[in-house]
Amino acid sequence: MSLSHLAPRLTVGLATLGVWALAVGSAVFWVLQPGTVQPGGGAPLAGGVSAGATTIDSAAVARALGAQPEAVAGPVQADLAARLALQGVLTHGGGGAALIAVDGRPAKPLRVGARLDGLDGRWTLRAVTPHAAVLAADGRELRLELPPPDQRPHADAPPRPGVGAPAIPAVGVSGLRPVPTQ
């Protein structure tokens, strides 16, 4: 082997050795750092405050991370819930679908993970249970419940005014006969 063929392999090997030496040296430094071991053998107890500890304002941290104040989120979700009507759910394993009507329009089926059109924000169907659907958008959640069984519409119930297709009068056509069913 010539020396010119060995030089690139030697350079890569020395660079690898240097990186590993830095990693091991860093780990040893942090393990042996003076003043990190608490007297009494370990970490402070949960809820305990050490002398000189600063107080953390959790509300300020939540605002910095994008959380909405409760007073703002409550009325918005109540207004949104009034615009939506859960009319049916279908559960299957971890997935499923829901029939959701927006602003009194006919209900549309949505699969879990699908986006709900007609609303401000990016509301998606996050989950369904046998009696409810959970919508989520921007860290907020809204749970829609099915109405109680006695308040659900039935097939034999009279149609509500303005809902459904208009009645088409029967017109007699000569030459047509009913098809017998078996």
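1. Phe29 has a relative accessible area of 47% and is therefore partly exposed; buried means under 20%, exposed over 50%, and partly exposed in between, with a 1.4 Å probe and protein chains only. Trp30, at 58% relative accessibility, counts as exposed. The model is a predicted one, in which local features need pLDDT of at least 70 and side-chain atom pairs count only at pLDDT 80 or more, while totals for chains, interfaces and linings use all residues. Residues are numbered from 1 along each chain as its sequence is written, and side-chain values use heavy atoms, with hydrogens and water left out.

2. One aromatic pair is found in a search of the whole structure. Phe29 and Trp30 form an edge-to-face pair, because their ring centres are 5.2 Å apart and their planes stand at 75°. Rings of Phe, Tyr and Trp (its six-membered ring) pair if the centres lie within 6.5 Å; planes under 30 degrees apart are stacked, over 60 edge-to-face, and the rest tilted.

3. Val28 is found in helix α1, residues 3-31 (helices are DSSP runs of H or I with at least four residues, strands runs of E with at least two, numbered from the N terminus). Its relative accessibility is 42%, so Val28 counts as partly exposed. Val28 also belongs to a nonpolar surface patch with Trp20, Val24, Val31 and Leu32, and together these residues have about 570 Å² of accessible area. Patch members have over 30% relative accessible area and no salt bridge; like charges are joined within 9 Å, nonpolar side chains (Val, Leu, Ile, Met, Phe, Trp, Tyr) within 5 Å. Areas come from the Shrake-Rupley method with a 1.4 Å probe, and for residues only the protein chains shown count as cover. A salt bridge is a side-chain nitrogen of Lys or Arg within 4 Å of a carboxyl oxygen of Asp or Glu.

4. Three strands form an open sheet in the order β4-β5-β6, with antiparallel pairing (two strands pair if DSSP finds at least two bridges between them).

5. β5 and β6 form a hairpin with two residues between them, and Asp138 in the turn has a positive phi of about 50°.

6. Leu84 lies in strand β1, residues 84-92, and is buried, with a relative accessible area of 9%.
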